[in-house]
Amino acid sequence: MIANLGFVAMFLALLCAIYAAVLALAVARGEQRQWLGSARNAAMAAWPLLTLACFSLTYLLVNGHFEIEYVASVSSRAMPWYLKATALWGGQAGSLLFWAWLMSAYTALVMLRDWRDERDMQPYVIAATMITLAFFVSLNVFIENPFTKLWMDRFGQTSAAFFAPAGAQPFSPSDGQGLNPLLRHPGMIIHPPMLYLGFVGFVIPYSFAIGALAVGRKDDIWIRVTRRWTLIAWLFLSLGLLLGGRWAYDVLGWGGYWGWDPVEIAAFMPWLTATAFLHSVMIQEKRGMFKHWNMILIILTYALVIFGTFLTRSGVLSSVHAFAQSAVGPLFFIFIGVTFAISLTLLFRGWERLRSENILTSWLSREGLFLLNNLLFMGILLACFWGVIYPLISELATGQKVTVGPPFYERTTGPQFAALLLLMGVAPLAAWRVTTVKRLGHTIWKPTAVSLLLPVGMLAAGVINPVALLSLWLAAQVLCITLYEFFRGATVRRKSTGDNFFSALCKLAARNRRRYGGYVIHLGVIFMAVGIIGIEMFQTSTQGTLAYGEQMTLGDYVLIYNELDEFPTEGDRIVTRAMVSVYKDGKFVTELHPRRDFYVDGQQPMTIPGVYSTLEGDFYVLLVDWKPIGAQGATFKIYLNPLVNWLWLGGFVFIFGTLIAAWPVKRKSLSQQLGAFGVS
Amino acid sequence: MKSYTDSSCVIRPLTIIGLVLLLTFSVFGETAAQGDEPTEDEVNTIAEQLYCPVCENVPLDVCGTQACAQWRATIRKKLAAGWNEKQIKQYFSNQYGVRVLAQPPTQGFNALFWALPPVAFLVSAFFVLRFIRNIRRKQQPADGQPAAEQANADDYVARLERELEQWR
């Protein structure tokens with residue numbers, strides 16, 4: 001009954017999406033204008049219908065309805081209720097439904113906004129969002145139906161179908177297979193929703209861009225209207241990437257946070273284009289330039305969002321994340337191709353109209369340096385894209401499978417990230433149109449001189465790795481420049497208003513949230529860069545087998561193996577847990593419990609590290625293996641991950657900065673605002 | 001005044017970019033691991049560069065499956081027999097295909113994989129440099145004087161206040 005309800009709701013949502021798209025396109029072609037209201041209502045109706053479908057599936061999951069194929073494949077009796085509920089996005093069919101539900105929520109919110117200034121674009125926005133939604137819901141309805149039931153024929157053969165096959169009886173297994181153990185982690189509960197909120201969110205600015213192209217608008221209203229939507233989507237995608245990194249660090253048991261896995265890269269690529277877009281739109285708003293480029297960036301972001309979902313869902317690339325393979329692959333491929341071709345056609349049709357209002361007169365200008373920043377993002381994107389698709393090309397061309405692992409990505413993207421770091425400090429200080437080396441130097445020489453103290457100090461401390469020295473100096477330089485910019489701004493304001501320094505600083509940021517929010521984001525990125533440099537350049541590890549009471553040494557740390565326990569626990573797990581004492585410089589600091597959880601239902605192990613964390617770094621212990629009698633020996637792998645916690649700390653600063661930049665301000669109407677900018 | 005149509009203006013930066021690329025993409029020498037009793041760290045040094053065909057995208061040194069444990073045992077045996085890193089990687093590549101290596105080999109069709117990024121970089125750099133040259137030409141008005149800066153270089157206060165107002 002509940003499954004039928006869920007399916008009918010899903011089917012009706014598909015009808016609503018198709019109806020809204022068709023009506024909106026008809027209005028766009030000059031048909032009855034009053035149909036637009038109906039299209040809008042249909043677009044909004046998709047959200048409650050998909051909410052009902054999601055609730056139905058969640059109900060079936062939580063209550064253990066194993067007669068539903070999806071429920072039997074991703075949940076089990078032993079799983080706690082919250083994991084059963086979050087199994088909604090733990091498998092292919094459920095996660096596609098979840099994607100569609102988020103998409104419908106974004107669309108409903110967009111429909112609620114005041115459209116007075118953009119009424120002409122509304123039909124196209126409805127059409128673009130609803131076509132995307134219809135595609136995803138149709139995958140659910142026709143191919144990956146999460147409400148498919150299990151049946152048994154008279155010969156005892158089981159099959160899965162929504163409608164009963166002839167002569168078959170409903171079949172309900174006594175228990176389900178359970179969620180992939182790697183996904184049974186708090187990080188995994190919130191990582192996919194964050195990532196999907198990011199992915200789906202970019203459909204909104206894309207739809208407005210398509211609307212602007214279709215109606216032939218020359219202005220940048222679509223950018224201004226969607227700025228906050230873009231920032232929010234970008235924030236969620238960034239959060240998704242960060243949480244994914246934290247999950248990998250806590251669960252995958254390899255001492256790192258980023259393995260250049262194809263699915264990680266699939267989520268990273270739209271982030272790269274979106275970040276380039278967020279920088280580039282500032283130039284269009286301020287100088288009326290890069291209009292083509294911004295269109296290309298948002299079209300690319302949309303295509304990469306669908307491509308990222310395609311990579312995860314199609315199983316076309318082998319990966320720890322690509323836990324499912326199905327027939328959805330070719331359909332994704334066609335959808336990406338068709339939407340990309342339509343978007344580019346619209347862009348080329350309006351190419352002349354989008355000519356820049358100004359020309360780039362110097363590379364040594366803010367717009368020039370921002371363009372350079374964009375080129376670097378594109379360089380990193382190309383390296384990532386090439387690394388991801390090359391195994392496919394190789395297999396198609398020669399039948400030979402190859403692996404593109406971290407060394408390629410590190411070698412190709414590392415120098416570009418370093419250059420981006422440098423630009424991050426310098427570009428915001430450059431004047432518009434043209435500046436001079438002298439002027440730029442005058443602005444940055446003091447913080448640059450202070451930042452040099454870091455590499456000098458490191459050299460004095462015996463660090464001689466030139467790449468590490470250079471990259472940490474770059475981070476220090478950007479940090480000093482950014483803090484100096486805050487200091488100068490606050491000082492100026494304090495002098496002009498008489499406020500105290502802290503009050504001046506707060507008011508300064510409040511009056512220009514976008515600019516100072518951006519600086520705070522940059523501070524977050526610097527902290528993250530420090531964490532990444534620390535673990536990438538200075539990580540050390542060792543592995544050894546110890547008997548009770550024996551010890552291993554790594555850096556200043558000594559690990560002593562005390563005991564090994566094995567016991568069953570909740571969630572149908574058998575836990576093997578070691579107890580080790582950790583000493584630093586001869587002093588006891590903590591006791592750690594690295595363990596291996598074996599999930600009986602899924603017949604799969606999960607390695608949980610024992611970690612001693614400080615801002616200086618992590619002492620990270622993995623239980624690799626053990627003898628049947630623990631006292632005889634257990635094998636440990638230990639890592640020293642210097643500065644890694646700055647990565648997570650930077651994440652918080654990054655979020656804070658994005659919230660400052662995206663925080664709504666009480667503002668004049670858009671037309672008044674455009675008037676102030678001289679835009680007609 | 002230096003002429004910006006001078007070809008050395010483009011060639012010199014290209015040479016520098018080429019050298020940087022050469023350094024970036026150069027393959028550094030591999031260390032040989034030998035000895036009768038290889039340590040687990042010596043085994044891991046090689047294992048972390050190999051991927052088993054089953055546990056895709058998980059390096060051998062951290063993979064928890066039995067198959068990967070056997071591969072690590074094989075590495076240990078080979079090291080004990082005096083094989084070096086290159087020989088061991090070649091052995092696994094011959095046995096299970098090049099997909100066990102962390103990156104494609106440089107021969108045959110896979111040369112494309114290594115050739116395309118530097119070629120793309122050089123082509124992009126060429127166009128970017130040409131673009132810069134064009135901008136510099138535009139920057140030289142008829143009287144040969146550089147374009148004036150938009151703002152007074154030293155007037156930070158004015159710039160800040162102006163921008164604060166504009167972005168409000």
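User: Which ipTM and pTM does the predictor give the complex, and what is the mean pLDDT of chain A?

Analyst: This is a predicted model, and for the complex the predictor reports an ipTM of 0.78 together with a pTM of 0.87. Within chain A, 95% of the residues reach a pLDDT of 70 or more, although pLDDT stays under 50 over residues 319-324 of chain A and again over residues 674-680 of chain A. For residues 319-324 of chain A the model has 19 contacts beyond four places in sequence, and for residues 674-680 of chain A it has 3. The mean pLDDT of chain A is 89.

User: Among the elements of chain B, which has the highest mean pLDDT?

Analyst: Chain B averages a pLDDT of 72, with 59% of the residues scoring at least 70. The pLDDT is under 50 over residues 19-35 of chain B, a stretch with 22 contacts beyond four places in sequence, and it is below 50 over residues 142-154 of chain B, where the model has 16 contacts beyond near neighbours in sequence. Among the elements of chain B, the lowest mean, 47, belongs to helix α1 (residues 8-25) of chain B, whereas the highest, 92, belongs to helix α4 (residues 85-96) of chain B.

User: How many helices and strands does chain B have, and what percentage of its residues is buried?

Analyst: The secondary structure of chain B consists of 6 helices and 0 strands, and along the sequence it reads α-α-α-α-α-α. Of the contacts in chain B with a separation of 6 or more, 54% join residues 24 or more positions apart. Of the 168 residues in chain B, the buried share is 17%.

User: How far apart are the C-alpha centres of domain 1 of chain A and domain 3 of chain A?

Analyst: The domain assignment of chain A places domain 1 at 1-179, domain 2 at 180-354 + 367-379, domain 3 at 418-537 and domain 4 at 540-646. Between the C-alpha centres of domain 1 of chain A and domain 3 of chain A, the separation is 47 Å.

User: What span should helix α13 of chain A have, and how far apart are its end C-alpha atoms?

Analyst: Helix α13 (residues 366-398) of chain A has 33 residues, so at 1.5 Å a residue it should span 48 Å. α13(A) bends by about 40° at I389(A), with the proline P391(A) following within four residues, and after α13(A) comes G399(A), whose phi is positive, near 80°.

User: Is T545(A) buried, partly exposed or exposed?

Analyst: T545(A) lies in strand β4 (residues 540-546) of chain A and, beyond its neighbours within four places in sequence, is in contact with G633(A), A634(A) and T635(A). Because 17 other C-beta atoms lie within 10 Å of T545(A), and burial requires 20 or more while exposure requires 12 or fewer, T545(A) is partly exposed.

Conventions
Residues are numbered from 1 along each chain as its sequence is written. Chains are lettered from A and ligands numbered from 1 in the order in which they are written. This is a predicted model: local features need pLDDT of at least 70, side-chain atom pairs count only at pLDDT 80 or more; totals for chains, interfaces and linings use all residues. pLDDT is the predictor's confidence in each residue, from 0 to 100. Helices (H or I, at least four residues) and strands (E, at least two) are DSSP runs, numbered from the N terminus. Two residues are in contact if their C-beta atoms, placed from the backbone, lie within 7 Å. The expected span of a helix is 1.5 Å times one less than its number of residues. The bend at a residue is the angle between axes fitted to the seven residues ending there and the seven starting there. Domain bounds come from an automatic or database domain assignment.
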